[in-house]
Amino acid sequence: MKWRLSVFLLVLCNAIAWHAVIVKTRPITPAFYFFDVGQGDSELLNFGPVQIVIDGGPPNGKALKGIERVLGLEDRYIDLAILTHPHLDHFGGLIDIVKRYGVGKLITGGNTGTAPAYKDLPKPDLGLGEGDSITYGDYKLSILGPNASERNDPDPNKASVVLLLTGPDTNILYMGDAHAENEDRLRKKYKLKADVLKIGHHGSRFSSSAAFLKELQPKVAVIEVGKNSYGHPAPAVIARLKDANVTTYATIDHGTIKVVPKNGVLKIYTEK
C-alpha cells in the first residue's frame, strides 16, 4: 500500500500543479465546510488551488449544490474524493458529484457497498488505511483508520475511514460513522488533540464517549444530522459535549457550517 500511495502522490502532485496554473491563480485562506445534506455526511476541504471532498451525503443533490456554491459554476474539477464507508447517506450524493466534476482520484477504505446504487459509483482508484497520509503544503491529512481488523468488520460503520487534518492553525478530526470501539483504539494508540471534531455517526449514542472527548479536548464539535428515526443526535451525546465544554453545531439547526482558521483563531460561519 505504501508503494502504491507514493506513486499516487507523485501523480497527484503533478496534476495539482497543472490544475493550479490553469484554473486557480489567486490563493485563498483555507476553509473547511460541513454541508447541510439532511441525514448524512459531506465535507469539503477547500485549499484554493486544491479541493478535497469527504463523502457526498444521500442522493438528494444537496452536497452537489453546496460544492457549487463554494467553488462557483466555472470550476469543474475536484482533486480528491474520499468515501469513508459505503452507506447510502455517505456515497449517494457522490454519484452526482463525480458526474458533475472531474475527480482526480476516488479513495475509499477498501470496502465495497452492497446497496444497489453503489454500482453507479465509479470504481475507486485507491483504498487507504491506517498509516497512509496525504500532504498538501503545510497541511497533512493522516488516515488513522481503518486498521486491518476494522476493515474486515461486518459493520461498515466500524470500518469507516478516520482522518486527522493537521495544519498551521488548526487540527480537525473527521470520524465518519466510527463507533466507541474505534475511538478507544485511537485514544490508546495516539495522543490525539483536535480543535474541531466531526462527531461520529451523526451523534449516535454509540459514539463520542466521555473518555474520547476528554482525550481530544475539542473546542468545536460539528454534528451532521437531519430528520431521522434513529434518535440522532442522542441526548447522552449532547450532554457529554456540554460536560466537556465543547461548543456544538448541528447542521439540522445551523445549516452548512464553515470553519476558517487563521492566526490561531477559529472563525465559524453558518448558512441555513
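**View 1. Ala81 stands opposite Leu106 of strand S5 in this predicted model.** The two strands shown, S4 (residues 77–82) and S5 (residues 102–108), pair in the parallel sense, and five bridges link them.

**View 2. An open sheet of eight strands with mixed pairing.** The strands follow the order S6-S5-S4-S3-S2-S1-S14-S15. Strand S6 (126–127) and strand S15 (265–271) stand at the edges with a single partner strand each, so one side of each is left without a neighbour in the sheet. Helix H2 lies across S1, S2, S3, S4, S14 and S15, and runs at about 20 degrees to S2.

**View 3. The contact between helix H2 (residues 62–71) and helix H3 (residues 88–100).** The axes of H2 and H3 come within 8 Å and cross at roughly 40 degrees, and the two helices are therefore oblique to each other. On the H2 side the contact is made by Ala63, Leu64, Ile67 and Glu68, while H3 contributes Asp96, Ile97 and Arg100. By class, four nonpolar and three charged residues, but no polar ones, make up this contact.

**View 4. The largest nonpolar core, which has 27 residues.** Leu45, Leu165 and Tyr174 are the residues with the most contacts inside this core. Two or more residues come from each of S1, S3, S4, S8, S9, S10, S12 and S14, and S8 (139–145) gives the most, with three residues.

**View 5. The surroundings of Leu165.** Not counting residues up to four places away in sequence, Leu165 touches Phe32, Leu45, Phe47, Tyr139, Lys140, Leu141, Thr170, Asn171, Ile172 and Tyr174.

Definitions and conventions
Residues numbered from 1 in each chain as written. Predicted model: local features only at pLDDT ≥ 70, side-chain atom pairs only at ≥ 80, totals over all residues. Heavy atoms only, no water. Axes fitted to C-alpha atoms, helices over the stretch in contact; angles between N-to-C directions. Helix = DSSP H or I, 4+ residues; strand = E, 2+ residues; numbered from the N terminus. Parallel < 35°, antiparallel > 145°, perpendicular 65-115°, else oblique. Contact = heavy atoms within 4.5 Å. Nonpolar A, V, L, I, M, F, W, Y, C, P; charged D, E, K, R; others polar. Pairing = 2+ DSSP bridges. Core = buried A, V, L, I, M, F, W, Y, C linked by side-chain atoms within 4.5 Å. Buried < 20%, exposed > 50% of the residue type's maximum accessible area, 1.4 Å probe, protein only.
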